[in-house]
Amino acid sequence: MKVELKTWAGLGLATALAGAGLTGCAGEGGEGGEAAQTSQTGEAGEGGGEAGEGEGGESGGDVGALSLPQRVAFMSGHVAAGIALYRAGDSKAAAPHLLHPVSETHASERAGLAQVGFDAAPFEAVSAALESGKPAAEIEPQLEAAEANLASVREGAGGDPVALIRYLMEVTVDEYTIAVPEQTVTDPGEYQDAWGFVTVARELADRLDTPKADSVKASLDEMIALWPDGAPIPPDQPASAGQVSALAARVLLDLPQP
């Protein structure tokens, strides 16, 4: 499924909340993110349309057109979801997310990553462990090595944390709206991707040096709490897309405007 990225960047308060389908209440229904459907440009890059198709790489070509910092953030979201699911004992769900750093299907995402320190070895070890059915507890050092390498790559890739958080909020809303159209998870991969993107956005928020940085962090913490603790295993009653959209709009409004 092709997902058109949306941007609320630069919009005023009323417009941003209208774009979320809300007027300040995070509990309204699932129309969040249906407005303001302009194609993403500028620092967020063009052609990110299919970003986040987590079930095997439908996004490869378009994601390759993103900037290096955005591609690292995108991959980091997938890996975060995959490792969390693996640690939670759901290796089958983890596998598609953990393919991004090693599969040829996702090669376009990795263009230029070696120059900023990407090391495929720990990810290959994790992939091999998945294939052999090893529990995550047996390969915790490899999981930690994969996380550490990706954190180092994010640092090496650089990028403005404000622009990256804005990008991640946009793809989060897109993914979640697909995953939870009507109070049930119909696309687990997208549901898990969205969690990963919010998790990475929260890590990036620690780099913010802006007047409302604490408010951004609080909103992102509130967003993460909409998923089950520990790993994004789909529950019977997920949060609505409107709740995710409302919090994303709050984050965007608290970020410096371009």
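Ala-114 is exposed (over 50% relative accessible area), with a relative accessible area of 62%. This is a predicted model, in which local features need pLDDT of at least 70, side-chain atom pairs count only at pLDDT 80 or more, and totals for chains, interfaces and linings use all residues. Residues are numbered from 1 along each chain as its sequence is written, and side-chain values use heavy atoms, leaving out hydrogens and water.

**Position of Ala-114**

- Ala-114 lies in the loop between H4 and H5; helices (H or I, at least four residues) are DSSP runs numbered from the N terminus.
- The C-alpha atoms of Ala-114 and Val-153 are separated by 8.7 Å, although these residues are 39 residues apart along the chain.

**Helices H3 and H6**

- Helix H3 (residues 68–87) packs with helix H6 (residues 140–157) at an angle of about 165°, and their axes are 10 Å apart; axes are lines fitted to C-alpha atoms over the stretch in contact, and angles run from 0 to 180 degrees between N-to-C directions.
- H3 and H6 are therefore roughly antiparallel to each other (an angle over 145 degrees).
- The crossing of H3 and H6 is left-handed, a term used if the near helix is turned anticlockwise from the far one by less than a right angle.
- Residues of H3 including Val-72, Val-79 and Tyr-86 meet residues of H6 including Leu-143, Leu-150 and Val-153, where contact means heavy atoms within 4.5 Å.
- The residues of the contact of H3 with H6 comprise twelve nonpolar, one polar and five charged; Ala, Val, Leu, Ile, Met, Phe, Trp, Tyr, Cys and Pro count as nonpolar, Asp, Glu, Lys and Arg as charged, and the others, Gly among them, as polar.

**Helices H9 and H10**

- H9 and H10 pack at an angle of about 165°, with 9 Å between their axes.
- That makes H9 roughly antiparallel to H10.
- Their crossing, that of H9 and H10, is left-handed.
- Among the residues making the contact are Leu-220 and Met-223 of H9 and Val-244 and Leu-247 of H10.

**The nonpolar core**

- The largest nonpolar core has 65 residues; such a core is a set of buried Ala, Val, Leu, Ile, Met, Phe, Trp, Tyr and Cys residues joined through side-chain atoms within 4.5 Å, buried being under 20% relative accessible area.
- H3, H6, H9 and H10 are among the helices that each supply at least two residues of this core.
- Tyr-86 and Met-223 are among the residues with the most contacts inside the core.
- Met-223 touches residues including Met-169, Val-198 and Val-251, not counting residues up to four places away in sequence.

Conventions: Parallel < 35°, antiparallel > 145°, perpendicular 65-115°, else oblique. Buried < 20%, exposed > 50% of the residue type's maximum accessible area, 1.4 Å probe, protein only.
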